[in-house]
Amino acid sequence: MQLPVAYLCRKYESEGLGGVAHIAGRWARVLWGWRQHQALLSTFRSGPARSVYARFPRLPFRYTSPYLSRLFSWDERLLALQWHYEWLNRSLSSEFVDEALRETLSIWELASPVGLLSIRVKTLCTQTDHHEGDLTFALLSGDKILCELSFSIIPASLLRQRQSFSGSPETVLFVGRVQGATGCFDQIREASRQCHDVAPPDLLMCAVHGFAQALGIGWVAGVGQVDSISNGLMAHALSTFNYDVFWTRYLGEAMPSGGTLMAVPFADKPIASVATRHRKRTLLKRAFKGGVTRLVAQRIRGYARQI
């Protein structure tokens with residue numbers, strides 16, 4: 001194992017000796033837990049995860065920096081990363097991984113007067129500063145990305161709320177990032193109009209819903225606003241998006257450890273609690289979202305491994 005000289009040089013140029021010392025400290029901690037790191041490497045050297053590792057050689061070190069949520073410790077991040085790719089190896093085919101890496105895997109499409117709307121699995125490992133998940137769903141209008149949602153599959157034990165899970169599941173789908181594109185307000189508004197006023201983030205949650213149902217995942221957790229890795233960047237950009245408010249649409253339960261827990265299938269509030277003048281519109285939106293969920297589930301089942 002060697003520290004990449006070019007990487008250290010870039011760190012020194014951008015952050016000085018402090019940045020180099022920080023990197024050296026992270027590598028020293030990896031060496032201290034080398035046995036656990038070797039187990040992680042074994043996961044990446046087998047099954048469909050091999051293709052992801054070949055494309056992103058630094059992926060096994062993702063847990064050494066903020067990953068998924070500020071809630072998780074070093075050891076918990078290591079466990080989450082290994083769990084996700086072990087689950088990937090067991091649950092999804094090599095074809096799923098290969099198409100996702102080529103960014104050609106479309107799991108939902110809608111032909112509209114303004115062009116093709118689609119949801120694609122953009123990549124299994126978002127690059128640069130986005131460490132909020134290992135799978136990303138992207139909503140596109142033509143080739144323009146309108147919104148992205150990133151998530152990973154993690155052990156339920158990391159959420160420290162086992163007592164609230166019915167059936168004592170082992171696995172939870174953890175959403176760590178929901179991010180709209182900038183500079184395309186008109187396209188986002190038109191996409192929502194074509195989808196019965198379902199907003200892009202909610203459309204991507206339909207895809208999450210279908211993905212979870214197809215693969216037998218009974219719970220979805222959403223990152224808390226304070227625990228989001230991008231919280232500081234969102235505040236700097238004056239973003240009005242708030243994770244805690246967003247999750248309330250899915251009637252989830254706030255967790256003492258931070259974030260929100262939502263059962264699959266997602267719950268809707270009783271139609272009787274919706275104002276009479278809005279009920280028809282609400283029912284149309286629900287029917288549309290249900291159709292997206294079913295189509296995504298059907299598509300994902302085609303890539304599920306037969307165990």
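Hi everyone, let's start with helix 7 and helix 10 (residues 279-301): their axes cross at roughly 45 degrees and come within 7 Å. Axes here are lines fitted to C-alpha atoms, for helices over the stretch in contact, and angles run from 0 to 180 degrees between N-to-C directions. That angle makes helix 7 oblique to helix 10. On this scale, angles under 35 degrees count as roughly parallel, over 145 as roughly antiparallel, 65 to 115 as roughly perpendicular, and the rest as oblique.

Before going on, a word on the model: it is predicted, local features need pLDDT of at least 70, side-chain atom pairs count only at pLDDT 80 or more, and totals for chains, interfaces and linings use all residues. Residues are numbered from 1 along each chain as its sequence is written, and side-chain values use heavy atoms, leaving out hydrogens and water.

The crossing of helix 7 and helix 10 is right-handed; that is the name when the near helix is turned clockwise from the far one by less than a right angle, and left-handed is for anticlockwise. Which residues of helix 7 meet helix 10? They are L203, C206, A207, H209, G210, F211, Q213 and A214, and they meet F288, K289, V292, T293, V296, A297, I300 and R301 in helix 10. Contact means heavy atoms within 4.5 Å. Sorted by class, this contact has ten nonpolar, four polar and two charged residues. Nonpolar covers Ala, Val, Leu, Ile, Met, Phe, Trp, Tyr, Cys and Pro, charged covers Asp, Glu, Lys and Arg, and the others, Gly among them, are polar.

Please find H209 in helix 7 (residues 200-214). Is H209 buried or exposed? With 11% relative accessibility, H209 counts as buried; the cut-offs are under 20% relative accessible area for buried, over 50% for exposed and in between for partly exposed, using a 1.4 Å probe and protein chains only. Leaving aside residues up to four places away in sequence, H209 touches V264, P265, F266 and T293.

Two of those neighbours deserve a look: V264 and P265 are joined by a cis peptide bond, with omega about 5 degrees. P265 sits in the loop between strand 8 (260-263) and helix 10.

Now to the second pair. Helix 2 (residues 34-44) and helix 4 (residues 74-91) pack with their axes 9 Å apart, at an angle of about 25 degrees. Helix 2 and helix 4 are therefore roughly parallel, and their crossing is left-handed. From helix 2, Q36, A39, L40, T43 and F44 make the contact, and from helix 4, L78, L81, Q82, Y85, E86 and N89. That gives six nonpolar, four polar and one charged residues.

In helix 2, the buried residues are H37, L40, L41, T43 and F44. They fall within an arc of 150 degrees seen down the axis, so they line one face of the helix; the arc is that of the directions from the helix axis to the C-beta atoms.

Two loop residues next. E103, in the loop between helix 5 (94-101) and strand 1 (105-112), is not a glycine, yet has a positive phi of about 60 degrees. L251 also has a positive phi, near 50 degrees.

Of its 307 residues, 51% count as buried.

Note on methods:
Helix = DSSP H or I, 4+ residues; strand = E, 2+ residues; numbered from the N terminus.
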